Amino acid sequence: MGQRPETLRLDKLHSGDAQSAGHGQAVKLAMFNRIMSNHRGLPLLFPLIGVLVLATLETQTSALAVGFWMFAVVCIWCEIAYFSFRYFSGRLAPDPQKLSWSLSLRYLNANIVWSAMLLIFWSPHNTTQKEVLR
C-alpha cells in the first residue's frame, strides 16, 4: 500500500519471465485500472446531471424529498470519488477481486439512488409520460 497502481506491460506478460499465478492477477488489475481510468470523471458528471434534472423536470413530490434525493446523489458520488482518489494514490490493496466488489457495491448504491428519480419526477397526469407506457 502507498504505491500508485503499476501499469501493465504486455511485453512482460508474454515473455518467459511472467509467472502464471502473477499473470492472472496482473491482467485483472490492469482491467480494473482501465475501468477506474475511464470512469474518473463520473463523480463530477452525475451530480451535475442531477442538478439539470431538477432544473428541467417538474415534480409533485415535496421539496424535502427532492432535496434528500439530491443530497443522496451528491453523497454517493462523493464516496465514489473518494474511493477513486484512494485507488489512484495507492492507498488500497492491489487485490483486483476486493477492488471489483468494492466498486460494484458503490455503483449498485449509486444506481439505486439514481433510479429513485423515477419515483420523484413521475407525474401520472402528464400525457407524455402516459404515452411512454403504451
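Helices (H or I, at least four residues) and strands (E, at least two) are DSSP runs, numbered from the N terminus. By this definition, the secondary structure of the protein comes to 7 helices and 0 strands, and the order of elements from the N terminus is α-α-α-α-α-α-α.

The model is a predicted one, in which local features need pLDDT of at least 70 and side-chain atom pairs count only at pLDDT 80 or more, while totals for chains, interfaces and linings use all residues. Residues are numbered from 1 along each chain as its sequence is written, and side-chain values use heavy atoms, with hydrogens and water left out.

**Burial and the nonpolar core**

A residue is called buried under 20% relative accessible area, exposed over 50%, and partly exposed in between (1.4 Å probe, protein chains only). Of the 134 residues in the protein, 28% are buried. A contact means heavy atoms within 4.5 Å. Among the contacts with a separation of 6 or more, 72% come from residues 24 or more positions apart.

A nonpolar core is a set of buried Ala, Val, Leu, Ile, Met, Phe, Trp, Tyr and Cys residues joined through side-chain atoms within 4.5 Å. The largest such core has 26 residues, and those with the most contacts inside it are F32, M36, W69, W77, F83, Y87 and L99. Two or more residues each are given to this core by α2 (20-38), α3 (42-56), α4, α5 and α6 (117-121). Helix α4 gives the most, with 11 residues.

**Aromatic pairs**

Rings of Phe, Tyr and Trp (its six-membered ring) pair if their centres lie within 6.5 Å; planes under 30 degrees apart count as stacked, over 60 as edge-to-face and the rest as tilted. The count by this rule is 7 aromatic pairs. Two of the pairs are set out below.

| Pair | Centre to centre | Angle between planes | Class |
|---|---|---|---|
| W69 and F121 | 5.8 Å | 80° | edge-to-face |
| Y87 and F88 | 5.1 Å | 75° | edge-to-face |

Leaving aside residues up to four places away in sequence, W69 touches G50, L54, V113, W114, A116, M117, I120 and F121. Ring pairs also link F46, W69, W77, Y107, W114 and F121 into a cluster.

**The cavity and its surroundings**

On a 1 Å grid over the protein atoms alone, a cavity is a set of points where a 1.4 Å probe fits but cannot get out, and lining residues have an atom within 4 Å of a point. Grid points are joined across faces, edges and corners, and a volume is the space filled by probe spheres set on the points. A search of the whole structure finds 1 cavity of 30 Å³ or more. The largest cavity holds about 40 Å³ of space, and its lining consists of M36, H39, R40, P43, I80, S84, L103 and Y107. The elements that give two or more residues to this lining are α4 (63-88) and α5 (96-115).

One of the lining residues is I80, which is found in helix α4. I80 is buried, with a relative accessible area of 3%. Residues I80 and P43 are 37 residues apart in sequence but 6.5 Å apart in space, C-alpha to C-alpha. Not counting residues up to four places away in sequence, I80 touches P43, R106, Y107 and A110.

Technical notes:
On a 1 Å grid over the protein atoms alone, a cavity is a set of points where a 1.4 Å probe fits but cannot get out, and a pocket is an open set with protein on both sides within 12 Å along at least five of seven lines; lining residues have an atom within 4 Å of a point.
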